[in-house]
Amino acid sequence: MATFIAKVTEIGPRIIRILGCNPGPMTLQGTNTYLIGTGKKRVLLDVGEPHNAEYISSLVSVLKHHNTTINQIVISHWHHDHIGGLKEVLSCLHEPVNVFKIPRLDKEDDPLPVCYNTLNHHDEIKTEGATLRVHHTPGHTTDHAVLELTEEQAIFSGDCVLGEGTAVFEDLHSYMASLQVLVDLNPKIIYPGHGPIIEDPVTKLLFYINHRNQREEQILEVLSTETQKFLTAMELVKAIYKETPEHLHLAAAHNVGHHLSKLLKEGKVVSQGEKWCLAAKHEKL
């Protein structure tokens, strides 16, 4: 059973979680946005979806209750449930706001209501009571950022790690490297972009890594044992996901495709159109 997340949660003296009020299959109960700091001017991490009056109402109520405002906004990545509400958030603030984001590497960012400040790996954003160190963690998207709250040895993981279930990704090779970056940070707690707080973060991170490694081992095993040298992603799915309902096989094939692309980058497989073969087997052809 999913852990209930309230619209507003005061996590501690320097963190208030404000739920994006946008539940769905990909967003769980909604996007977690975070108001960070202890002073009159604070940092907001992510801004939810566009045209969501319920979220804006929650945000405005929090600002009034704490007699504070926002002068810095950090966007974890370009997906609409994290960046889409920017125009509405800016319209309810009454002073200049600096917006920060890592630029996309795969294409140009869509135009934003304001010019944003470019974030780089290991930049720091400071506000009263909090120092946020930026870690570029591509994989989920090319522009994905995780923020390290140095005062608490905590991280805001965006969509790199979720409070429930596993995350989706665009590039598995980059994503696995980013997960290792988070393991090396050795956080005491993770505040994810979706789902409840992760109290045992290293265990969760290692689960993510091991889950992907196990799937990769299964793919390599099938490629090594099948007499047919070249296999499609769907043929691999039928060999590996034998207990998965057939209507989910297309999604599984998409996932297997990500693994195969990673293995191709590592030189472990070769491709021939939409078919794949172990590199060692191919050398013997």
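Predicted model: local features only at pLDDT ≥ 70, side-chain atom pairs only at ≥ 80, totals over all residues.
On the α5 side the contact is made by R212, R215, E216, I219, L220 and L223, which meet N255, V256, H259, L260, K262 and L263 of α7. Sorted by class, the contact of α5 with α7 has 6 nonpolar, 2 polar and 4 charged residues.

Helix α7 (residues 249–265) also packs with helix α6 (residues 233–240), at an angle of about 110° and with the axes 8 Å apart. That angle makes α6 roughly perpendicular to α7. The residues of α6 in this contact are A233, M234, L236, V237 and K238, and their partners in α7 are H249, L250, A252, A253, V256 and L260. The contact of α6 with α7 has 9 nonpolar, 1 polar and 1 charged residues.

The aromatic residues were examined next. The structure holds 5 aromatic pairs. One of them, formed by F156 and Y191, is tilted, with 5.2 Å from centre to centre and 35° between the planes. F156 lies in strand β11 (residues 154–158) and Y191 in strand β12 (residues 189–192), so this pair ties together parts that are 35 residues apart in sequence. Both F156 and Y191 are buried. In the pair of F169 and Y175, the ring centres lie 5.2 Å apart and the planes are at 20°, so the pair is stacked. F169 counts as buried because its relative accessibility is 8%, and Y175 counts as buried at 1%. Ring pairs also link Y34, F156 and Y191 into a cluster.

L179 is located in helix α4 (residues 172–185). With a relative accessibility of 0%, L179 counts as buried. When neighbours within four places in sequence are left aside, L179 is in contact with C160, V161, L205, Y208 and I209. The C-alpha atoms of L179 and P138 are 9.6 Å apart in space, while the two residues are 41 residues apart in sequence.

Backbone geometry was also considered. Most residues other than glycine have a negative phi. C21, which is not a glycine, has a positive phi of about 55°. C21 lies in the loop between β2 (15–19) and β3 (32–36), and its relative accessibility of 13% means that C21 counts as buried. H122, a residue other than glycine, likewise has a positive phi, near 75°. H122 is found in the loop between β7 (117–118) and β8 (124–127). With a relative accessible area of 48%, H122 is partly exposed.

Note on methods:
Residues numbered from 1 in each chain as written. Heavy atoms only, no water. Axes fitted to C-alpha atoms, helices over the stretch in contact; angles between N-to-C directions. Helix = DSSP H or I, 4+ residues; strand = E, 2+ residues; numbered from the N terminus. Parallel < 35°, antiparallel > 145°, perpendicular 65-115°, else oblique. Contact = heavy atoms within 4.5 Å. Nonpolar A, V, L, I, M, F, W, Y, C, P; charged D, E, K, R; others polar. Phe/Tyr/Trp six-rings, centres within 6.5 Å; stacked < 30°, edge-to-face > 60°. Buried < 20%, exposed > 50% of the residue type's maximum accessible area, 1.4 Å probe, protein only.
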